[in-house]
Amino acid sequence: MAIRNTQMRRVWISLGVGVAGFLAVASVPLFDIDIFAGGGAMIMVGLLFGFTGLVVALLFVKFARVLARMIRGEGVLARWTYDPAFWKAFLVKEEREVKGEMRGLFIIVASLCGLVFVSVLIADVQAAMWVGAALAVTLALCALGAWYRVRCLRGDTASAASPEVLIGREGVWQNGDFYTWAFPGARLESVGMAHGNGDVLEINFSSPAKNGRQYTAVHIPVPPGKQAEAVSVLKALEREVG
């Protein structure tokens, strides 16, 4: 199956968001919008979207270059294809595990939000209305993120006509999903077999986030008969850790 580099599409989308932000800033003096009648807010929001769009576009350019090298075979450690039934069984198990993790995380976040709301309600009833609304939005975003993650897995299951995985020293292309640790601030943390499952590789990497580092785990099923190659992949990636 030919692998398409879809990261460039994200580059153009991010650039479009950035351009739209700067156009919003330019529209304030262009249309003589009063600063105190919404013009100031437009400038602030426009600058936020403008610079964020540019930074994200530059990041996706890096991703696109890494994926392009992998597609050319540079630094590729393994290229595995799967029987559709085998791949579907793997994704069904992944979906079950993801649902369990998301449910636990949602319960923790909901409990913390409830505690904050009750504390504010006791102190100030009027303020509690605004805090409650903000907490409700937070919970909604968490639920949306969980739904989207599960939806992606279901989409992979539905489109798994010819599943394929590309594992490289700089990242993993997993049947349409791309993960890389080859960008500023990111690092490969660990590699090994997933806990309790000797036929699934687990690659963990981290990247800078607002409150520390964000950790990502990528699970890759080992096709039947590829266990020896999987061991070689692990040994090669272990040299890249850190």
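These notebook entries record what I looked up in the structure.

**Entry 1: the model**

I noted that this is a predicted model, in which local features need pLDDT of at least 70, side-chain atom pairs count only at pLDDT 80 or more, and totals for chains, interfaces and linings use all residues. Residues are numbered from 1 along each chain as its sequence is written, and side-chain values use heavy atoms, with hydrogens and water left out.

**Entry 2: helix α1**

I began with α1, which covers residues 7-30. Helices (H or I, at least four residues) and strands (E, at least two) are DSSP runs, numbered from the N terminus. α1 has 24 residues and spans 34 Å from its first C-alpha to its last, close to the 34 Å expected at 1.5 Å a residue. The expected span is 1.5 Å times one less than the number of residues.

I then listed the buried residues of α1: Q7, V11, S14, G18, G21, V25, S27 and V28. Buried means under 20% relative accessible area, exposed over 50%, and partly exposed in between (1.4 Å probe, protein chains only). I recalled that an α-helix has 3.6 residues a turn, so residues three or four places apart point the same way. The cover over the buried residues of α1 includes α2 and β4. After α1 comes D32, whose phi is positive, near 55°.

Which residues does Q7 touch? Leaving out residues up to four places away in sequence, I found F60, F63, A64, L67 and F178. Contact here means heavy atoms within 4.5 Å. Q7 is buried, with a relative accessible area of 3%.

S14 also lies in helix α1. S14 counts as buried because its relative accessibility is 9%. A polar atom of the S14 side chain lies 2.9 Å from the backbone oxygen of R10.

**Entry 3: helix α2**

I turned to α2, residues 39-71, which has 33 residues. From first to last C-alpha, α2 reaches 47 Å, close to the 48 Å expected at 1.5 Å a residue. The buried residues of α2 include G53, A57, F60, F63, A64 and L67. What covers the buried residues of α2 includes α1, β1 (76-81), β2 (164-168), β3 (171-174) and β4 (177-180). G73 follows α2 and has a positive phi, near 95°.

**Entry 4: the sheet**

In what order do the four strands stand? They form an open sheet in the order β1-β2-β3-β4, with antiparallel pairing. β1 and β4 stand at the edges with a single partner strand each, so one side of each is left without a neighbour in the sheet. Neighbouring strands of this sheet are turned by 5° against each other on average, direction ignored. Axes are lines fitted to C-alpha atoms, for helices over the stretch in contact, and angles run from 0 to 180 degrees between N-to-C directions.

Two strands pair if DSSP finds at least two bridges between them. I noted that β2 and β3, which run antiparallel, are joined by three bridges. L166 stands opposite W173 in β3.

I next looked at the helices on the sheet. α2 lies across β1, β2, β3 and β4, at about 105° to β4. Helix α5 (residues 227-238) packs on the sheet and touches β1 and β2; its direction makes about 145° with that of β1.

**Entry 5: salt bridges**

How many salt bridges does the structure hold? I recorded six. A salt bridge is a side-chain nitrogen of Lys or Arg within 4 Å of a carboxyl oxygen of Asp or Glu.

The side chains of E170 and R69 meet in one, at 3.0 Å from N to O. This pair links distant parts of the chain, with E170 in the loop between β2 and β3 and R69 in helix α2, 101 residues apart. E170 is partly exposed at 24% relative accessible area, and R69 is partly exposed at 21%.

R79 forms a salt bridge with E164, the closest N and O atoms being 2.3 Å apart. That pair also links distant parts of the chain: R79 is in strand β1 and E164 in strand β2, 85 residues apart. R79 is partly exposed at 43% relative accessibility, whereas E164 is buried at 3%.

R187 forms a salt bridge with E189, with the closest N and O atoms 2.7 Å apart. R187 is partly exposed at 33% relative accessibility, and E189 is partly exposed at 25%.

How values were computed
A polar contact is a pair of N or O atoms within 3.5 Å; within protein, one must be able to donate a hydrogen and the other to accept it, and residues adjacent in sequence count only if both atoms are side-chain atoms.
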